[in-house]
Amino acid sequence: MKFSMIFEAQLADPAPEHERRVLHDCVEQAVHAEAMGFDRIWAVEHHALSQYAHMSASEIFLTWVAARTTRIRIGHGVVTMPFGYQHPVRVAERTAMLDVLSGGRVDIGAGRGATRQEMAMFGVRPEDTQPQLEEALRILAGAWRTETFEWHGSIDIGPGAVLPRPVQAPHPPLFMACSRHESLRRAAELGVGALVMGFAGADDVRAMRTLYDEAIAARSGAHFVGERPNDHLSALCPTIVLDDAAAAYRIGTRGQRFFAEAIAHWYGDGPAPRAYAPDEDHVEALARRRAQLVARLDEANIPARPVDTGPYNARHAYGRAEDAIAYVERLRAIGVDEVMCLIQMGTVPQEVCLETIRQWGERVIPHFRGLGERA
């Protein structure tokens, strides 16, 4: 099992000086993650989602981190692939360049960038997001495998060389963001790894692992985008770990509440997120918000599934190291290939992020490395 971290560059107060600070803080955390034994970092790509994600040019962030590290893998989790955001050849060129300069450490995931805000900023039509995402994945895999590349689909490309060529052959591993069960099935059919939300807790991750495995078993291979499939499932794991378990739980659930309200704001119709007082009962607030969301879904005759309401479940890897180990044990038993730690949430102080990374590196990750060695 692998261990990684994901960065959104969230902040409660989006003043420019705070925005600059949080981006440098994320770099510091990523460098610390390598020292503490993490296998990979992921950086999102979002646009104009104030407070929720200020990571708009993740290729720059990842390059900056790659230059300051030597071992840890560098992951796009994910690139917004519809063509209004960026031409797929530019994604292929940038990714290959980073793969060369980092010594073959790049992973790349694809996403739709399907919030109303982001699509409006780039003139992307909702109905184009899924087909263009899949077409972009096919273009990427093809552009890296041939000396002269051309493509004639919804767009025409080439013929010409896509340079440089990546270090990893035939190409860097491909992934896809999977927040819905439908996208999880499609990732399996396309033969790409799945980056799944884990906010709903281990039971929902188990259901998603089962669904992914069933789709892998049922596929014919006719829809693979790359030369060989990547059946790697990475599950999100919100976590804060401190010696003071109560403080970790309080800080973690406060951060998760901010994250949940940011999601509700940009992906729904909720108010802007707020940095509530540290000593409030954030668990009760999360439960209340979940109940409100389920009621609204019911009124609209939309079935409510755990994945829909996941950000409001507070049972995660919050507490002492042994609490995190117990939660990750559940994910290991489910068959998760990678635990993707969400530490940098909008209200979590930098010193808490760094201490959590240290605790995982010195106590949580070694526990599971030891299991592998004994096995």
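Strand S8 joins strand S9 (residues 233–241) through three bridges, and the two run parallel. Strands here pair if DSSP finds at least two bridges between them, and both strands and helices are DSSP runs numbered from the N terminus (E, at least two residues, for strands; H or I, at least four, for helices). Within this pairing, Leu195 has Ser234 of S9 as its bridge partner. The model is a predicted one, so to speak of local features takes pLDDT of at least 70 and side-chain atom pairs count only at pLDDT 80 or more, while totals for chains, interfaces and linings use all residues. Residues are numbered from 1 along each chain as its sequence is written, and side-chain values use heavy atoms, with hydrogens and water left out.

S8 also pairs with strand S7 (residues 174–178), in the parallel sense and over four bridges. Here Met176 stands opposite Ala194 of S8. Getting from S7 to S8 takes the chain through helix H6 (residues 181–190), in a β-α-β crossover that is right-handed; that is, with the strands pointing away from the viewer, the path from the first strand over the helix to the second runs clockwise. In a regular strand, side chains alternate between the two faces of the sheet. S8 (residues 193–196) is covered on both faces, with Gly193 and Leu195 buried on one side and Ala194 and Val196 buried on the other. Buried means under 20% relative accessible area, exposed means over 50%, and partly exposed is what falls in between (1.4 Å probe, protein chains only).

Turning to the rings, a search of the whole structure turns up nine aromatic pairs. The rings of Phe, Tyr and Trp (its six-membered ring) pair if their centres lie within 6.5 Å, and planes under 30 degrees apart count as stacked, over 60 as edge-to-face and the rest as tilted. One of the pairs is Phe3 with Phe368, which is tilted, at 5.9 Å centre to centre and 45 degrees between the planes. Phe3 sits in strand S1 (residues 2–7) and Phe368 in helix H12 (residues 350–374), so this pair ties together parts that are 365 residues apart in sequence. Both Phe3 and Phe368 are buried. Tyr52 and Phe259 make an edge-to-face pair, because their ring centres are 5.4 Å apart and their planes stand at 80 degrees. This one also links distant parts of the chain: Tyr52 is in the loop between strand S2 (40–43) and helix H2 (58–67), Phe259 is in helix H8 (residues 245–267), and 207 residues separate them. Tyr52 counts as buried at 4% relative accessibility, and Phe259 does so at 1%. Ring pairs also link Phe3, Phe38, Trp360 and Phe368 into a cluster.

A charge turns up over a ring as well: Arg257 lies over the face of Tyr276, at 3.5 Å from the ring centre. The rule for this asks for NZ of Lys or CZ of Arg within 6 Å of the ring centre and within 35 degrees of the ring normal.

As for salt bridges, a side-chain nitrogen of Lys or Arg has to be within 4 Å of a carboxyl oxygen of Asp or Glu, and the count by this rule is 24. Among them, Arg40 and Glu338 meet at 2.5 Å, N to O. Arg40 is in strand S2 and Glu338 in strand S11 (residues 338–342), so the bridge ties together parts 298 residues apart in sequence. Arg40 and Glu338 are both buried. Arg73 bridges to Asp107, with the closest N and O atoms 2.8 Å apart; Arg73 is in strand S3 (residues 73–80) and Asp107 in strand S4 (residues 106–111), 34 residues apart. Arg73 is partly exposed at 22% relative accessibility, whereas Asp107 is buried at 1%. Within helix H12, Arg358 and Glu362 lie four residues apart, about one turn of the helix, and form a salt bridge with the closest N and O atoms at 2.5 Å. Arg358 counts as partly exposed at 27%, and so does Glu362 at 45%. Salt bridges that share partners join Arg40, Arg73, Asp107 and Glu338 into one network.

Finally, Ala321 lies in helix H11 (residues 321–334) and is buried, with a relative accessible area of 1%. Its contacts (heavy atoms within 4.5 Å) include Val241, Gln359, Arg363 and Val364, leaving aside residues up to four places away in sequence.
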